[in-house]
Amino acid sequence: MHLSPRVTALKPSTTLALNTRAKALRAEGNDVLSFAAGEPDFPTPQKIVDAAIAALNRGETRYAPVPGDPATRAVIAEKLTAENGIAGLSADHIVVSSGGKQALTHALAALIDPCPAHGTPDQVLIPVPAWVSYAPMVRLAGAQVVELPTTPQMDYKITPDQLRTALSPRTKALILNSPSNPCGTMYDEEELRALAQVIADAARTTCPDLCIITDELYEKIVLSDIAHVSIGSFDEVASRSITVGGLSKAYAMTGWRVGYLACPGEFGASLASAAAKLQSQSTTSIATFILPAVRTALTECAADVERMRVAFVERGQAIYSRISAIPGIACPKPTGAFYVFADISSHFGKTTPNGVAINSAADFAEALLIDHLVACIPGEDFGAGGENCCRFTFACSIGQIRDGMDRLGAFVASLR
Ligand code: PLP
């Protein structure tokens with residue numbers, strides 16, 4: 001008996017795998033410092049926890065409406081209108097899902113035709129290095145991935161010309177992620193406007209069905225004076241921008257599994273119905289008693305979000321100054337999210353004191369974990385350019401950052 005090639009071709013998430021490995025080493029009593037998981041170390045704000053407990057105590061334990069209850073969808077629509085400047089949204093344009101991951105999966109599944117009549121697969125453009133799950137999600141939906149390579153010198157951001165050149169009549173969507181995991185950088189308003197203009201021009205001419213899937217999971221983790229801007233707030237692309245958000249990162253709610261998608265207008269309403277249909281045949285809805293907690297998070301917890309953001313700013317400065325002082329390691333200064341994506345390729349071709357050759361980011365991450373008990377994510381699965389880099393998450397204490405970077409420095413110094 002055979003499993004589907006669609007699934008056998010799929011690689012498990014490297015980030016989850018490495019994180020599991022680091023946890024296992026720690027469980028064996030090793031003093032592992034993990035910079036692997038993309039997960040804040042803060043507890044979920046108490047008000048949010050209390051809202052879920054109160055809902056349970058009220059007996060809110062039965063099935064919820066598939067896309068989320070109207071009150072929660074309305075709160076999300078209001079947030080996106082007021083904070084993100086996205087016009088024309090109502091509850092009907094929102095689907096609440098089990099994490100941003102499910103929202104992205106459903107958006108792609110709703111857009112992509114896996115068996116197009118003309119025989120050639122749809123294409124989805126992904127600026128790379130990019131979050132590990134985009135490419136597998138795109139392929140599972142039946143489309144072809146087209147990578148748009150970026151470099152540390154470009155702050156890992158695509159240019160309008162690059163986008164223009166990559167677009168073809170087969171392009172169905174561009175996935176944008178600002179602030180970026182793994183790169184830790186973000187587009188400013190002017191850069192986003194220039195990309196929006198290219199999309200709008202292409203939509204008028206060669207690509208009438210072109211969409212932007214804009215993953216804004218890290219919108220509130222802004223570390224510099226670059227303001228977060230939603231591309232869906234620009235008139236010229238508003239009706240074709242699918243904004244994906246979630247509570248995992250900003251509200252320290254990774255385990256709660258809450259995300260959403262939003263797209264205004266007539267198309268947005270049909271996209272939301274399609275995503276809800278997919279959800280109705282798979283997971284139904286998020287857990288009913290979490291819906292009031294989502295409303296509490298979005299309406300009452302701005303101070304908690306700000307407190308955590310300020311901590312991320314301090315941690316970002318600490319890791320950046322330490323990591324850039326280590327010989328042969330370079331990365332752009334993080335401006336958003338909680339990652340540094342460090343180019344470690346100048347150490348390829350060296351060996352560890354135990355005689356292990358370092359010829360790839362995977363070798364580097366493996367040896368760093370084994371020799372110095374520091375876990376990071378090797379960049380191979382983040383797309384072109386990632387193979388030179390390792391990702392370090394700084395959603396951990398300043399003390400851990402200090403000790404971890406000391407160990408990283410000692411590891412690099414030990415290479416010959
Ligand atoms: N998008 C990006 C860029 C991420 O880094 C993640 C999680 O790491 C997600 C989406 C999905 O997050 P969640 O499913 O927890 O909302």
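Hi everyone. Before we start, this is a predicted model, in which local features need pLDDT of at least 70, side-chain atom pairs count only at pLDDT 80 or more, and totals for chains, interfaces and linings use all residues. Residues are numbered from 1 along each chain as its sequence is written, and side-chain values use heavy atoms, with hydrogens and water left out.

Let's begin with the overall layout. The protein is divided into domain 1, made of 5-43 + 303-414, and domain 2, which is 46-300. Those bounds come from an automatic or database domain assignment. Between the C-alpha centres of domain 1 and domain 2 there are 26 Å. The contact takes 35 residues from domain 1 and 33 residues from domain 2, where contact means heavy atoms within 4.5 Å.

How much area is buried between domain 1 and domain 2? About 2,800 Å², and carbon and sulfur atoms give 62% of that. Buried area here is the accessible area, taken with a 1.4 Å probe, that two parts lose on being put together, summed over both. In domain 1, P332, T335 and F382 lose the most area to domain 2, and together they make up 21% of what that side buries.

Next, what joins the two sides? Between domain 1 and domain 2 we count 13 residue pairs in polar contact, both residues at pLDDT 80 or more. A polar contact is a pair of N or O atoms within 3.5 Å; within protein, one must be able to donate a hydrogen and the other to accept it, and residues adjacent in sequence count only if both atoms are side-chain atoms. The count of salt bridges between domain 1 and domain 2 is 0, a salt bridge being a side-chain nitrogen of Lys or Arg within 4 Å of a carboxyl oxygen of Asp or Glu.

Which elements give two or more residues to the side of domain 1 that touches domain 2? They are helix 2 (14-27), helix 11 (302-324), strand 9 (339-343) and strand 14 (389-393). Helices (H or I, at least four residues) and strands (E, at least two) are DSSP runs, numbered from the N terminus. Helix 11 gives the largest share of that side of domain 1, with 5 residues. By class, the side of domain 1 that touches domain 2 has 20 nonpolar, 9 polar and 6 charged residues. In that sorting, Ala, Val, Leu, Ile, Met, Phe, Trp, Tyr, Cys and Pro count as nonpolar, Asp, Glu, Lys and Arg as charged, and the others, Gly among them, as polar.

Now to helix 10, residues 291-300. Why do we call helix 10 largely enclosed by the rest of the structure? Because 7 of its 10 residues are buried. Buried means under 20% relative accessible area, exposed means over 50%, and partly exposed is in between, with a 1.4 Å probe and protein chains only. The buried residues of helix 10 are L291, P292, A293, V294, T296, A297 and L298, and they pack against helix 3 (46-57), helix 4 (70-82) and strand 2 (94-97).

Is D122 buried or exposed? D122 counts as buried, at 7% relative accessibility, and its place is in the loop between helix 5 (99-111) and strand 3 (123-128). The D122 side chain reaches the backbone nitrogen of D113 at 3.0 Å. Beyond its neighbours within four places in sequence, D122 is in contact with several residues, including R170 and K172.

K157 sits in the loop between strand 4 (144-149) and helix 7 (160-166). K157 is also buried, with a relative accessible area of 9%. A polar atom of its side chain lies 2.9 Å from the backbone oxygen of M186, and a polar contact of 3.0 Å joins the side chains of K157 and E191.

Last, some backbone details. The peptide bond from V128 to P129 is cis, with omega near 0°, and S178 and P179 are joined by a cis peptide bond with omega about -10°. D155, in the loop between strand 4 and helix 7, has a positive phi near 55° although it is a residue other than glycine. T284, in the loop between helix 9 (265-280) and helix 10, is not a glycine either, and its phi is positive at about 70°.
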